[in-house]
Number of protein chains: 2
Amino acid sequence: MKQPSALATLIDALRALPGVGPKSAQRIAYHLMQHDRPGADKLGKALLNATSNLKHCLRCNTFTEAEICETCLDEQRDTSLLCVVETPADQVMLEQTLTYKGLYFVLMGRLSPLDGIGPKEIHFDRLVKRATDGAVREVVLATNFTNEGEATAHYIAQALKSRGLTVSRLARGVPVGGELEYVDAGTIARAMLDRRSV
Amino acid sequence: MKQPSALATLIDALRALPGVGPKSAQRIAYHLMQHDRPGADKLGKALLNATSNLKHCLRCNTFTEAEICETCLDEQRDTSLLCVVETPADQVMLEQTLTYKGLYFVLMGRLSPLDGIGPKEIHFDRLVKRATDGAVREVVLATNFTNEGEATAHYIAQALKSRGLTVSRLARGVPVGGELEYVDAGTIARAMLDRRSV
Ligand SMILES: [Zn+2]
Ligand SMILES: [Zn+2]
């Protein structure tokens, strides 16, 4: 017995979702087709819209629908401060603390040699170019306080200090081993205010 | 700071997936946009194709792209046997055992009064009509051996026996509490061969 091809194709395509194997792909497909077709339709359109329209900001590397994102275009921002984060989620968390009015660079990852993620994958050359534009005075490293995030911060700090920039790191108000995305805004706010030169 | 609307819409739409909350929706969206745009595109198209083209077989209620599914149209099938299963996944498992050559009715669920799933939701009236077409002699109940699956089998058995049909149940080769989808084909094969009148 064959599944109808529209169903087989959907089950196969669902495996693009992280952590979804053949059995859960089948369950998700049945669930959507049986109980939530409007949701499936909305999700299908959202996926195609996102893959067509989302690109990376030419300045800060975050997701944007324009060439340059709204944050980078915001003239109220302090162009002498550049905060380096791993992901757009981290950037959102920092913005919510209302403690930072500079600009950002989003690595879209962290150094992880065992996974083949090196300086190229975190857009290190673009970061150096961005940080040495003449306007930036201080680079605030806000990578996660995990082993990989710390190693990434250390690597970037060495490279940027050797180019004469002031480099700081969020204070260790963030628990060791913690990921920014899951820390409360108050803790991140204090860590931002207590950031220290490295 | 606002997320770009294509991204915000995607994160919101991903919550249609079972078990996906705001944080995991965000992670999935970032993952797809950063690491697997071809997969996201394929999934988007598969979802729209499935919602447009998948319907329920008018005879057996399983998913199909035609009015009547291929299994129901298969002239090699024994029309005197009708096997009742909860889901298309269970039907696929039974087919893999090669022990059954009759037809099917797919409930697309199981009775679960506490969740508001009653006879209407499992298409009970259509099942009765299908089972009393004059060709069907025996109805094989292959709902899961969970509490809800057993209650569903019991409910259907009472109704169909009162209409003069022979009703059987897969033998208890299937472990109590087990779900067909996760049982090996050999066990299901023995249970099919040992099915008993109820
Ligand atoms: Zn930007
Ligand atoms: Zn059918």
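**Zinc sites and chain pairing in a predicted model**

Reader: Is A:C72 buried or exposed?
Author: A:C72 is buried, with a relative accessible area of 8%. Please keep in mind that this is a predicted model.

Reader: Which residues coordinate the zinc ion (ligand 1)?
Author: A:C72 is one of its donors; the others are A:C57, A:C60 and A:C69, each through its SG atom, at 2.3 to 2.4 Å.

Reader: And what about A:C69, buried or exposed?
Author: A:C69 is buried, because its relative accessible area is 5%, and buried means under 20%.

Reader: What is the geometry of the site of the zinc ion (ligand 1), given its 4 donor atoms?
Author: The site is tetrahedral, and the angles among the donor atoms run from 105 to 120°. For reference, the ideal angle for four tetrahedral donors is 109.5 degrees.

Reader: How are the donor residues of the zinc ion (ligand 1) spaced in sequence?
Author: They follow the pattern C-x2-C-x8-C-x2-C.

Reader: Turning to chain B, which protein donors does the zinc ion (ligand 2) have?
Author: Its protein donors are the SG atoms of B:C57, B:C60, B:C69 and B:C72, which lie 2.3 Å from the ion. The spacing of these donors along the chain is C-x2-C-x8-C-x2-C. Two of them, B:C57 and B:C69, are 12 residues apart and link distant parts of the chain. B:C57 sits in the loop between β1 (55–56) and β2 (63–64) of chain B, whereas B:C69 sits in the loop between β2 and α4 (70–73).

Reader: Is B:C57 buried or exposed?
Author: B:C57 is buried, with a relative accessible area of 0%. B:C69 is buried as well, at 4%.

Reader: What angles are found among the 4 donor atoms of the zinc ion (ligand 2)?
Author: The angles are 105 to 118°, and the site of this zinc ion is tetrahedral.

Reader: Back to chain A. Where is A:N61 found?
Author: A:N61 is found in the loop between β1 (55–56) and β2 (63–64) of chain A. Its phi is positive, about 80°, although the residue is not a glycine. A:N61 is also buried, with a relative accessible area of 1%.

Reader: Which residue other than glycine has a positive phi near 60°?
Author: B:H123 has such a value. B:H123 lies in the loop between β4 (102–106) and α6 (124–131) of chain B. With a relative accessible area of 23%, B:H123 is partly exposed.

Reader: Why do the copies meet through the same surface?
Author: They do so because 98% of the interface residues of chain B are also interface residues in chain A.

Reader: How is chain A divided into domains?
Author: Chain A has domain 1 (5–53) and domain 2 (67–169). The C-alpha centres of these two domains of chain A lie 34 Å apart. The C-alpha trace of chain A spans about 70 × 35 × 35 Å along its principal axes.

Reader: How many helices and strands does chain A have?
Author: Chain A has 8 helices and 7 strands. Of its 198 residues, 53% are buried.

Reader: Where does A:M192 lie?
Author: A:M192 lies in helix α8 (residues 185–193) of chain A. A:M192 counts as buried, with 0% relative accessibility. Leaving aside neighbours within four places in sequence, A:M192 is in contact with A:L94, A:T99, A:Y100, A:V140 and A:L170.

Methods:
Residues numbered from 1 in each chain as written. Chains lettered and ligands numbered in written order. Predicted model: local features only at pLDDT ≥ 70, side-chain atom pairs only at ≥ 80, totals over all residues. Heavy atoms only, no water. Donors = N, O, S within 2.8 Å, 3.2 Å for Na, K, Ca; no water. Tetrahedral: all angles 85-135°; square planar, octahedral: opposite > 155°, others 65-115°. Helix = DSSP H or I, 4+ residues; strand = E, 2+ residues; numbered from the N terminus. Buried < 20%, exposed > 50% of the residue type's maximum accessible area, 1.4 Å probe, protein only. Domains from an automatic or database assignment. Contact = heavy atoms within 4.5 Å.
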